[in-house]
Amino acid sequence: MAVMSEHTNPFHDTSPRPHQDERFLRHEIQLVNRNSGIALEALVHDLTPVGLHYLLTHFDIPNLDRETMRLAVSGRVKTPLELSVADLEGMGVETRTVTLECAGNGRNLLAPRYPSNPWGCEAVGTAEWTGVPLNRVLEQVELLDDAVEVAFIGADRGFDRGIEHDYGRSLSVDHAMRDEVMLVTGMNGMPLLPQHGAPLRLVVPGWYGMASVKWLTRIEVLDKPYDGYQQAVGYHYRQSREDRGVPVREIRVKSLMVPPGIPDWFTRERMVDAGTVRLMGRAWSGNGVEIDRVEVGVDGVWHAADLGTRADTYAWTPWQCNWQAVPGEHELCCRATDANGDEQPLEARWDHTGLGNNCVQRVRVTVR
Ligand SMILES: Nc1nc2c(c(=O)[nH]1)N[C@H]1C(S)=C(S)[C@@H](COP(=O)(O)O)O[C@H]1N2
Ligand SMILES: [Mo]
């Protein structure tokens, strides 16, 4: 074992970490153990391996059978339908590479904290989703003239703030007819796994993940706005508890880097050898808007990174740059700007339930 001097090693304390008086926060840890994030080193992959893709599940994972499950399409339509997964796949499948991000990503950077899943920055992943464009199904059932919204309802049910509900979300008819919205049965070339919505889920590229309803069993075409909890109460940007709020929709521009060097087990702070260090990461925005530039900040001084090409309109863009690492303590950041001119903020903007925090990632590094 190589022992370094205190001068070069910030992790020099070899004694066991002292016990803490407080217990772990049980409810938050329960959520974290169910809802895992991407390991940041997995940002090296263009496609996130399925087992490293983040997960967010509100209630219990339903046990649905691909052979017997039927998708009911009803409401303001001329011809209601019940479709098996095989019926759907028979309508013709397409594959799209899509970056999904949870709207609660970044919540744990806000104080005071809202009791919910305490994401740092890891609630993101990119997969190749295979499925049927939703508009093929909507054209087959024929929407009536008074249709305004399409609701997507999952097989999972539970309570939030005292209200019992099925997990459900809606889109306007116009949005539901867009080509990129898919009824998905496969992920990275294999059938969906239970935790990602098997056997059938919606994927709404360009929007935060809450729109991409898993375990989809019902599509209801409505002549008025959908009033389900996750649509009408959940997923609103709010400044305070009383605030009615603004619905959360498109992903906000964001970037992440693969933390360089090696980590300290407990703090995840990094140790890097001096010299040329290749930094790399990913940047993405909402609605298919392109990434214009990514800058890497070293102790507050910004340098332009090189952008690669994204795999698809709704997939993240790779970036990289070299850093001449000199011995000492440093803070690395990355900041993306999209083609609309939207730029990541340096500090988190307040949100009452911790949604849409796209502030820059900060990585503490010691160079030896
Ligand atoms: N039926 C259902 N669909 C759901 C959810 C859920 O809890 N139930 N969670 C949503 C949220 S908030 C996110 S971020 C994404 C996460 O998808 P993933 O777990 O496949 O990454 O699924 C969405 N679809
Ligand atoms: Mo989410």
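I started with the largest pocket, which holds about 1100 Å³ of space. I took a pocket as an open set of points on a 1 Å grid over the protein atoms alone, where a 1.4 Å probe fits, with protein on both sides within 12 Å along at least five of seven lines. Volume is the space filled by probe spheres set on the points, which are joined across faces, edges and corners.

The model is predicted: local features need pLDDT of at least 70 and side-chain atom pairs pLDDT 80 or more, while totals for chains, interfaces and linings use all residues. Residues are numbered from 1 along each chain as its sequence is written, chains are lettered from A and ligands numbered from 1 in the order written, and side-chain values use heavy atoms, without hydrogens and water.

Next I checked the lining (residues with an atom within 4 Å of a point). The largest pocket has 39 lining residues, with Leu40, Gly120, Cys121, Glu122 and Arg268 nearest its centre. Strand 22 gives the most, four residues. Helices are DSSP runs of H or I, at least four residues; strands are runs of E, at least two.

Then I turned to the second largest pocket, about 810 Å³ in volume. I found 34 residues in its lining, and Leu31, His58, Pro115, Ser116 and Asp160 lie nearest its centre. Helix 1, strand 5 (149–160) and helix 5 (229–232) give two or more residues each. Which element gives the largest share of this lining? Helix 1 does, with six residues.
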